[in-house]
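Visitor: Please show me the structure. I would like to ask what the words mean as they come up.

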Amino acid sequence: MVIRAFITHKQAELFADCQDRFGVNPDTKSIAVSDGMGSTWQQKIWAQLLVDTFINSTDWCPSKETIRPLCQTWRTKVADFIQKLKDTNAPDNMIYRNERNLAEGRSAGATFVGIRFNSNDWNGSVLGDSCLIEWDGNEAQFNTSQDSGTFDSYPDYFDSDASKEGKGTPKPIGGVLTKGKYLLLVSDPFSEFLLEHSKHGDIAKYVQQLLSLASHDDFEILVCEWRKEGMHNDDTTLVIVEYDNSDALTITHRDDIAERIEKEKSIATETVEAESENGNGAPNVIGEALDKHGDNNMAADTIEISPLPIDTDIFIEDFLTEYKRALEDRCKGKSKKAIRKFWSELKYKTTQDAAKEAFHIILNKYVIHTK
């Protein structure tokens, strides 16, 4: 099997903000993708934990029962992260916010899809709008746990709190990969976009564009083009599996998100140093937006450099952009009649939840000080 794996972040964000995670382990012949849910807390740690546990095992599959030990591991990793904030003299409000979230029982949510190979037979599990697509050259079969066969703003997910139910039931998946067939493990922007084009009957040309990808730059260009065609602006992950008459998993391309986060940091540091040498005291926006890199090689919700002075209008405009996106997500996929009922019955709760989601995103970029 030949493997190509790609990942990128939302437009106008950084890899440090990306909440998707994927993994490929040739030793266990395992592949997994998980998408941390943006409205939850410390979701990157949870998504990474689900992926790592799956690909480092030969028989583990996530379920409400088997994830219970991981829930305590997640809490331990979050506590370690908070301690690191203290050790690195992070802003007090950031430490307080994370300690409060942990004490109040806030948790993470993540979707999941993972498969393992035995020769060219494969089997695995899927939950939520992360999806496995089987492509035979003519038709696509979408493997998802979503009963409706559509994707909306409320996908099935695993919760990092053992006392919470999460949503949905993992669906077992399996099949045989033979010559001329492909498996695509994708996060939700691709799931939704490709399903729509499958309904329209023109999915073949889009799948062929995916199968032609050879580099990260190719992937970034394609994602940008598809977003202009209406694909949702979200973290985006793709793992392509192609049969090559071999039982081994051969990786011909694999994006390394930890490496790309470090590269962002390096660029930010070099920019700050260059400005200092030139006597330019202007703040560095990239450096301020970066999340600090955690011990487990994933981005964490903090800021590395001192707070960036931001004009009030810029802050408000940035918040309203995220707020509009969050509201649109909550209405996506609903009929006009459902939306009217949705707004009349749930207007306050919906707008409140959207505001909370937008603020969580914005607070990863800014540090707020009281006057």
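Guide: Contact means heavy atoms within 4.5 Å. Residues 24 or more positions apart account for 73% of the contacts in this protein with a separation of 6 or more. The model is predicted, so local features need pLDDT of at least 70 and side-chain atom pairs count only at pLDDT 80 or more, while totals for chains, interfaces and linings use all residues. Residues are numbered from 1 along each chain as its sequence is written, and side-chain values use heavy atoms, with hydrogens and water left out.

Visitor: How many helices and strands are there in the protein?

Guide: There are ten helices and twelve strands. These are DSSP runs numbered from the N terminus: at least four residues of H or I for a helix, at least two of E for a strand.

Visitor: Why is Phe193 called buried?

Guide: Buried means under 20% relative accessible area, exposed over 50%, and partly exposed in between (1.4 Å probe, protein chains only). Phe193 has 6% relative accessibility, so Phe193 counts as buried. Tyr206, at 4%, is buried too. In the protein, buried residues make up 52% of the 371 residues.

Visitor: What makes Phe193 and Tyr206 an edge-to-face pair?

Guide: Rings of Phe, Tyr and Trp (its six-membered ring) pair if their centres lie within 6.5 Å; planes under 30 degrees apart are stacked, over 60 edge-to-face, and the rest tilted. By this rule there are eight aromatic pairs. For Trp41 and Trp74 the centres are 5.8 Å apart and the planes are at 90 degrees, so this pair is edge-to-face. Trp41 is in the loop between strand S3 and helix H1, Trp74 is in helix H2, and 33 residues separate them. Both are buried. For Phe193 and Tyr206 the values are 5.4 Å and 85 degrees, so this pair is edge-to-face as well. Phe193 belongs to helix H4 and Tyr206 to helix H5, 13 residues apart. Phe193 and Tyr206 also belong to an aromatic cluster with Phe6, Phe190, Phe219 and Trp226.

Visitor: Which pairs do form salt bridges?

Guide: The whole structure has seven salt bridges. One of them joins Asp235 and Lys10 at 3.4 Å, N to O. Asp235 lies in the loop between helix H6 and strand S11 and Lys10 in the loop between strands S1 and S2, so the pair ties together parts 225 residues apart in sequence. Both are buried, and a network of salt bridges links Lys10, Asp234 and Asp235. Another salt bridge joins Glu165 and Lys64, with the closest N and O atoms 3.3 Å apart.

Technical notes: A salt bridge is a side-chain nitrogen of Lys or Arg within 4 Å of a carboxyl oxygen of Asp or Glu.
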